[in-house]
Amino acid sequence: MRKFFQEIKADLKFKTAGPGQKLSEPSRVPKEKPKAEAAPKPRQAPTDEAQMAAAAALARMELKPKAKLPSSQEAIKNQVRKELMAEAAASEKGLSTEDQDLASPDKEGAAAPSVSGVYFICPLTGAVVRKDQKEKHLREAIQSYFSIDPVAASIMEIHTFNRDREKVRVGVETMAKYLDNIYLHPEEEKYRKIKLQNKVFLERISCLEGIHRFFQAVGFETKTLPVPGQETTEEYYVLKESMLTRLEDLKGYKEQLLSSEPVRARLDRQLRLFKPSPEAARFELPNDFYNLTAEEIKREQLLRTEAVEKASMLRTRAMREKEEQREMRKYNYTLLRVRFPDGYILQGTFYARESVSALYSFVREALRDDWLPFELVGPGGLKLADENLPFNECGLVPSALLTLAWDAAVMADIQAAGEEQPASPLKPELLSRVQTL
């Protein structure tokens, strides 16, 4: 077939040769030397049908998709697809993602992740722990705190490990009334006893984790008492007599119970500074960044299969934006890099729904002079002017490379002042820990 096209091209070239051009004929070896020089026989031009067939074939060859090097976004999608499939396979076998990673050896040539995972800082111990170990560590830290302040530790349990905030509010307010009645009416014995089988107590209080440890910590003890007028007995919480001399403490416990908040581990930014690198726009994200359960992973695979089929279909702008929003909601976290004018790259981990102001604060904390005005420019040259917008609404999820630009007027004034400026605007302690990307 290729030989046929070459002949057609040669014929077309023969027909379109201009005056004065010498056309090269293929060399032929005559069987016998002619006696006289014969006039060259004009070559027959290809038929119209042949020319049309050749043109159609060449057009089809031109339309064939050419091999294209994958962009950074395509590489991210490929990585996401691989990890989703791995997670789905692990869930079907009953293995956790971490166990799956340990069980399977590293593939040759596999790219190392840009960050090893998502980490948190425990407010009680200051320890840095991985996301999947966060709750376990908090429980252990609060448990250890019982030896220091049992009342505070039990209040931490109530506010931290009961997820339904409305139930916590109702339960805490009901307990506060119990304590308030004792404080206001210490001579009334009925207020110092709480029946454990009381309907209100069962529905509002007893269902909360940590509640029984709180009663014990503030001075109640469990007693079995007879029911007046009956031969049966009931379980009660009864305030110890010694607490009647410490009513102010009881009032303080009530206020502490009402004013406390859940203990929350703080997201570790995992601040990194990299030397200038052409790999700045290349991201490889670990599984911690994905907001997907095992069932959602399976469903995601089906959606991706459908997406491949829809790729050739025309979609409206609204359809594309809807799909982009759905894509953004799959992530709880985002990995952001800020490239400075001198090429240095600052990296940090953020919640996907944090506002842009968090990134501006993150950059300012890394500067020698945090008063220097600057602006951040996202992918496509979009200036992040509204600091109240969340990252997932700015297209900065699950990862993005941004550019920092100084205020030109301020920098001109600094240069005009003739003051000697440091080689880099970044803090020396950061520069001392610079890494290679």
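Begin with the open sheet of three strands, whose order is S2-S1-S6 and whose pairing is antiparallel; strands here are DSSP runs of E with at least two residues, helices are runs of H or I with at least four, both numbered from the N terminus, and two strands pair if DSSP finds at least two bridges between them. Strand S2 (128–130) and strand S6 (266–267) are at the edges, each with a single partner strand, so one side of each has no neighbour in the sheet. Next select strand S1 (residues 119–121), which is joined to S2 by three bridges, and find Tyr119, which stands opposite Arg130 in S2.

This is a predicted model, in which local features need pLDDT of at least 70 and side-chain atom pairs count only at pLDDT 80 or more, while totals for chains, interfaces and linings use all residues. Residues are numbered from 1 along each chain as its sequence is written, and side-chain values use heavy atoms, leaving out hydrogens and water.

Now select Phe340 and Leu359, which touch the most other members of the largest nonpolar core, a group of 42 residues; such a core is a set of buried (under 20% relative accessible area, 1.4 Å probe, protein chains only) Ala, Val, Leu, Ile, Met, Phe, Trp, Tyr and Cys residues joined through side-chain atoms within 4.5 Å. Among the elements that give two or more residues to this core are strand S8 (333–339) and helix H13 (356–365), and H13 gives the most, with six residues. Apart from this core lies another, of 26 residues, including Tyr178 and Phe201.

Terms used:
Buried < 20%, exposed > 50% of the residue type's maximum accessible area, 1.4 Å probe, protein only.
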